[in-house]
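Please look over the sequence and the fold shown here. The report below goes through them part by part.

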Amino acid sequence: DTENLTDKKRIGSGAFGTVYQVTDNVTHKIYALKEFKNSGINNKFLIRELVLLSSVNPARPTRDGEIIFENRNVVGFFGASTAWQRSDGTVGPAILSEFINGKEIGHVRSPEIWTHACRISKELFNGLAFIHGKGVAHGDIKPANIMMERANDGGLYGRVVIVDLGIACFVDYELASRVNPHFGKKYTCDTQSLSGTTEYFSPEC
């Protein structure tokens, strides 16, 4: 229930909205909330991200009332709201996902990172393989979308997590249609156009 979410702290922003750290004042759990700007095109991207997130790594409740995710190296998805109270006082859509307490991997400035290079690579590839196994292409893998979570001892070398599926897409029309008959071409990757961050395009692009 987004009515219980308080203590909003800005984490970052992009073309379509702003991400905040929020706290549930009943359970005291911390989440990441993506608040979308109020426009038709942003609502289109909200629906797209919602579809892909819910298809890749949604929260799964256990019999004990705990929440688990299928993969630890891809950001987990909790749900969405169409009536989130935005910073400017208006009401709009928002997505609630797992909060990763750490840094973008590109902001980790320490020579120690090289001693963790093999594990970091292994976890990154585990996350990518999981996303691809769901028939989805992330579409924007770059340092800003790879988080390094803080370890239990407070250090910066905990779990590696892929975030931001804002421009992700299904790689196959039939697969998208199987997930939902209405998705089809709408959420299938367009091989005739480029999307993502130019500096991180693959060489063949």
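## A loop residue with positive phi

His28 is exposed, with a relative accessible area of 62%. Exposed means over 50% relative accessible area, buried under 20%, and partly exposed in between, using a 1.4 Å probe and protein chains only. His28 sits in the loop between strand 2 (17-24) and strand 3 (30-36). Its phi is positive, about 65°, although His28 is not a glycine.

Asp164 also has a positive phi, near 60°, and is a residue other than glycine. Asp164 is in the loop between strand 11 and strand 12 (169-170). Its relative accessibility is 34%, so Asp164 counts as partly exposed.

## Model and confidence

This is a predicted model; local features need pLDDT of at least 70, side-chain atom pairs count only at pLDDT 80 or more, and totals for chains, interfaces and linings use all residues. Residues are numbered from 1 along each chain as its sequence is written, and side-chain values use heavy atoms, leaving out hydrogens and water.

The predictor's confidence in each residue, pLDDT, runs from 0 to 100. The protein chain has a mean pLDDT of 84, and 90% of its residues reach 70 or more. Confidence is highest in strand 11, at a mean of 97, and lowest in helix 3, at 74. Where pLDDT is low, the predicted coordinates should not be read in detail.

## Overall make-up

The protein chain has three helices and 12 strands. These are DSSP runs numbered from the N terminus: helices are H or I with at least four residues, strands are E with at least two. Of the 205 residues of the chain, 41% count as buried.

The accessible surface of the protein chain is about 11,800 Å², and 53% of that belongs to carbon and sulfur atoms. Areas come from the Shrake-Rupley method with a 1.4 Å probe; for residues, only the protein chains shown count as cover. Contacts are heavy atoms within 4.5 Å. Among contacts between residues at least 6 apart in sequence, 52% join residues at least 24 apart.

Two strands pair if DSSP finds at least two bridges between them. Strand 1 and strand 2 pair over six bridges, in the antiparallel sense. Gly12 has Val19 in strand 2 as its bridge partner.

Strand 10 and strand 11 run antiparallel and are joined by three bridges. Met147 stands opposite Val161 in strand 11.

Arg150 lies in the loop between strand 10 and strand 11. Arg150 is partly exposed, at 35% relative accessible area. Arg150 and Val160 are 10 residues apart in sequence, and their C-alpha atoms are 9.4 Å apart.

## Nonpolar cores

Which residues touch the most other members of the largest nonpolar core? They are Val56, Val136, Met148 and Phe170, in a core of 34 residues. Helix 1 (40-56), helix 2 (117-133), strand 10 (146-149), strand 11 (160-162) and helix 3 (173-179) each supply at least two residues of this core. A second, separate core has eight residues, including Leu5, Val22, Ala94 and Leu96. A nonpolar core is a set of buried Ala, Val, Leu, Ile, Met, Phe, Trp, Tyr and Cys residues joined through side-chain atoms within 4.5 Å.

Thr188 lies in the segment after helix 3. Thr188 counts as buried because its relative accessibility is 17%. Leaving aside residues up to four places away in sequence, Thr188 touches Cys169, Phe170, Val171, Asp172, Tyr173 and Ala176.
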